[in-house]
Amino acid sequence: MYSYDKQYDVIVVGAGHAGCEAALAAARLGCSTLLLNMSLDGMAVMSCNPAIGGLAKGHLVREIDALGGEMAKNIDATGIQFRILNTRKGPAVRASRAQADKQLYRLRMKRVLEGQEHLDCKQGEVTGLYLEQGELRGVDTRSGLRFLGKTVVLTTGTFMRGLIHIGLTNFPGGRAGDLPSVGLSDQLVELGFEVGRLKTGTPARLDRRTIDFSRLEAQPGDDPPQPFSFATERIVMPQVPCHIAYTNARTHEIIRGGLDRSPLYAGVIEGVGPRYCPSIEDKVVRFPDKERHQTFIEPEGLETVEVYPSGMSTSLPIDVQIAFYRSMVGLEQVEIMRPAYAIEYDYVNPVQLHASLETKLIRNLYHAGQINGTSGYEEAAGQGLVAGINAARRTQGRDPVVLGRHEAYIGVMIDDLITLGTREPYRMFTSRAEYRLLLREDNADLRLRELGHAIGLVPEGLYAGFCRKRERIAAELERVATTRISMTDDEQRWLLQYGCAEVQKGTTLEHLLRRPEIGYGELAEIGLVAPGLEPAVREQVEIQVKYRGYIERQEELVERLRKMEMAMIPADLSYKDIQGLTPEVREKLERFRPGTLGQASRIQGVTPAAVAILSVVLKAGDGRQ
């Protein structure tokens with residue numbers, strides 16, 4: 001094995017969405033960084049849906065941006081349809097989603113990576129970690145080249161022992177058209193890691209020229225489109241519509257007729273699939289009374305005829321795929337350009353990670369993305385950003401950055417993974433966050449921009465703009481709290497128009513904004529809005545005023561739980577010596593090795609009584625009862 005003549009601070013293995021964020025973060029923090037990928041043309045590839053964001057996922061993208069990551073900027077520069085979801089619901093569950101031009105998305109991210117100072121991008125398949133006397137020293141590649149590094153971040157995606165299924169035919173692959181990674185997961189098992197199998201899938205890609213869009217329902221994007229990044233002023237890409245199609249009884253009959261050749265139902269697939277993104281055959285079997293299932297026909301780019309039918313992932317044989325697609329209205333003559341497939345791959349149980357995403361078994365080794373059992377570009381990117389930051393900080397002798405559940409969806413996700421583990425692909429939902437009213441999309445910069453600047457990922461220009469916005473919000477909150485209506489004739493007529501006849505003279509604008517029927521749009525009708533007030537400031541003030549009571553209650557709850565959450569548990573605490581713990585609780589605590597009392601409280605099977613005993617032990621300070 002030949003050792004390359006340059007030693008790196010951080011080596012990132014894999015250039016998917018996790019790897020891109022990890023490598024950029026480490027390099028931007030001044031560390032000499034190497035990004036290794038099996039193909040340099042495969043960086044930031046959207047292997048499945050051509051979209052970024054969605055319910056809860058949009059929150060992750062905004063948080064990545066607030067901390068100084070790249071994903072939001074990349075989709076803003078390459079997005080061809082933007083929509084805000086759940087606009088009729090409260091601000092906590094509103095979410096942004098954008099269709100991407102897949103090739104432009106990949107190419108722009110590749111350009112950013114190649115132009116990043118302190119970052120080398122190289123092609124190579126990593127087959128193993130290089131250790132000396134149990135200490136991580138770098139990675140080995142199939143070509144016989146060894147790269148030395150102080151820290152390593154594994155972001156292997158679906159490539160570790162990847163196996164593709166189309167009907168009862170299967171073949172090795174990291175995704176369609178790519179070879180799998182072989183050898184690395186075997187070494188991880190030898191090192192003591194719990195390696196399991198998961199499964200995911202993707203729909204066919206269809207030729208839009210063979211679809212009758214006149215028979216489908218068009219779904220345009222928002223006008224004007226709203227960017228993801230707090231730094232993007234406006235979207236300049238051309239915008240295009242999606243279309244809605246439906247399965248029918250004939251479609252379901254064809255799918256049921258092909259189940260005997262489905263690897264999912266024939267027992268060929270061992271890995272556990274995603275609960276919340278089932279294949280179309282799974283939907284048909286699990287919901288036999290449902291007359292139809294919806295699919296969005298999504299364009300894959302401006303310069304391609306390929307379209308993506310979301311929600312139609314399958315591993316059925318190609319002849320069954322052709323038949324069931326052609327049974328759908330508007331798709332009677334459709335041609336499949338790329339068949340759908342399922343893929344099985346290895347992952348490592350994330351309970352073997354610290355909150356920094358460093359592994360508990362090997363110091364200086366970090367895991368991020370699908371290797372931790374997650375699904376989704378956004379989940380991967382959030383982990384990659386944290387792993388890259390912490391790998392860099394380790395080489396600089398600095399403490400790791402750990403996000404709390406009350407601070408970010410990224411913190412919720414990582415805490416879920418390391419305390420609960422996962423036996424199926426993990427997907428982020430707003431329901432996973434107990435403080436979701438505090439963790440809104442709209443305030444991600446107010447929550448995390450300060451931290452991103454302190455870490456060193458938010459440059460001074462962006463930080464100065466954020467500070468100005470924060471000051472304007474504070475000033476406007478003060479103005480609406482102190483400005484009172486004088487009950488002019490115009491104001492009285494306006495109040496009657498909106499059913500506010502009982503409002504008295506001297507009522508503040510803040511009091512008016514608390515009413516559900518009054519917003520800044522209504523205040524503007526009679527000149528009660530400060531001139532030049534930015535839309536982002538108006539949005540923040542209105543949300544903070546309308547939901548103040550709820551927000552304050554959640555903040556009080558966070559403060560009450562903070563002491564328990566932050567109570568550190570010594571890494572060498574002997575649970576077997578603690579009296580009062582049941583054998584089940586001892587086994588769970590020994591296995592998961594929680595870092596804080598808060599993490600211990602969220603482990604399934606660890607009772608409130610056990611948490612109370614642990615709390616007493618920690619206060620005693622000697623780890624024994």
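Strand β1 (residues 2-13) and strand β9 pair in the parallel sense over eight bridges, where strands are DSSP runs of E of at least two residues and helices are DSSP runs of H or I of at least four residues, both numbered from the N terminus, and where two strands pair if DSSP finds at least two bridges between them. Within this pairing, V10 stands opposite T151 in β9. The model is predicted, so that local features need pLDDT of at least 70 and side-chain atom pairs count only at pLDDT 80 or more, whereas totals for chains, interfaces and linings use all residues. Residues are numbered from 1 along each chain as its sequence is written, and side-chain values use heavy atoms, with hydrogens and water left out.

| Partner of β9 | Sense | Bridges | Opposite residues |
|---|---|---|---|
| β1 (residues 2-13) | parallel | eight | V10 and T151 |
| β8 (residues 135-141) | antiparallel | three | V139 and F147 |
| β20 (residues 365-367) | parallel | three | Y366 and V153 |

Strands β8 and β9 form a hairpin with three residues between the strands, in which G144 takes a positive phi near 90°. Seven of the ten residues of β9 are buried, and the strand is thus mostly covered; buried here means under 20% relative accessible area, exposed means over 50%, and partly exposed lies in between, with a 1.4 Å probe and protein chains only.

R146 lies in β9, which spans residues 145-154, and this arginine counts as buried because its relative accessibility is 16%. The side chain of R146 makes a polar contact with the side chain of D140 at 2.7 Å, a polar contact being a pair of N or O atoms within 3.5 Å of which, within protein, one must be able to donate a hydrogen and the other to accept it, while residues adjacent in sequence count only if both atoms are side-chain atoms. When neighbours within four places in sequence are left aside, R146 is in contact, that is, with heavy atoms within 4.5 Å, with M1, Y2, S3, Y4, Y130, V139 and D140.

## Backbone exceptions in loops

Most residues other than glycine have a negative phi, and most peptide bonds are trans. A56 has a positive phi near 70° although this residue is not a glycine, and it is found in the loop between β3 (51-53) and α2 (57-67). A56 counts as buried because its relative accessibility is 0%. Q133, in the loop between β7 (126-132) and β8, also has a positive phi, of about 50°, and is not a glycine; with a relative accessible area of 84%, Q133 is exposed. A cis peptide bond with omega of about 5° joins D223 and P224, and P224 has its place in the loop between β14 (217-219) and β15 (242-246).

## Helix α2

Helix α2 is largely enclosed by the rest of the structure, because eleven of its eleven residues are buried. Among these buried residues are the charged side chains K57, R62, E63 and D65, where Asp, Glu, Lys and Arg count as charged, Ala, Val, Leu, Ile, Met, Phe, Trp, Tyr, Cys and Pro as nonpolar, and the others, Gly among them, as polar. Just after α2, G68 takes a positive phi of about 105°.

## The second largest pocket

About 1,300 Å³ of space lies in the second largest pocket. On a 1 Å grid over the protein atoms alone, a pocket is an open set of points with protein on both sides within 12 Å along at least five of seven lines, and lining residues have an atom within 4 Å of a point; grid points are joined across faces, edges and corners, and a volume is the space filled by probe spheres set on the points. The lining of this pocket has 38 residues, of which Q226, K469, P535, A536 and E539 lie nearest its centre. Two or more lining residues come from each of α11 (444-455), α12 (460-482), α15 (520-524) and α16 (535-546), and α16 gives the largest share, nine residues. By class, the lining divides into 14 nonpolar, ten polar and 14 charged residues.

## Y575

Y575 lies in the loop between α17 (548-566) and α18 (583-592), and counts as buried because its relative accessibility is 0%. Twelve residues separate Y575 from E587 along the chain, and their C-alpha atoms are 8.6 Å apart.

Conventions
1 Å grid on protein atoms, 1.4 Å probe; cavity = no way out; pocket = protein on both sides within 12 Å on 5 of 7 lines; lining within 4 Å.
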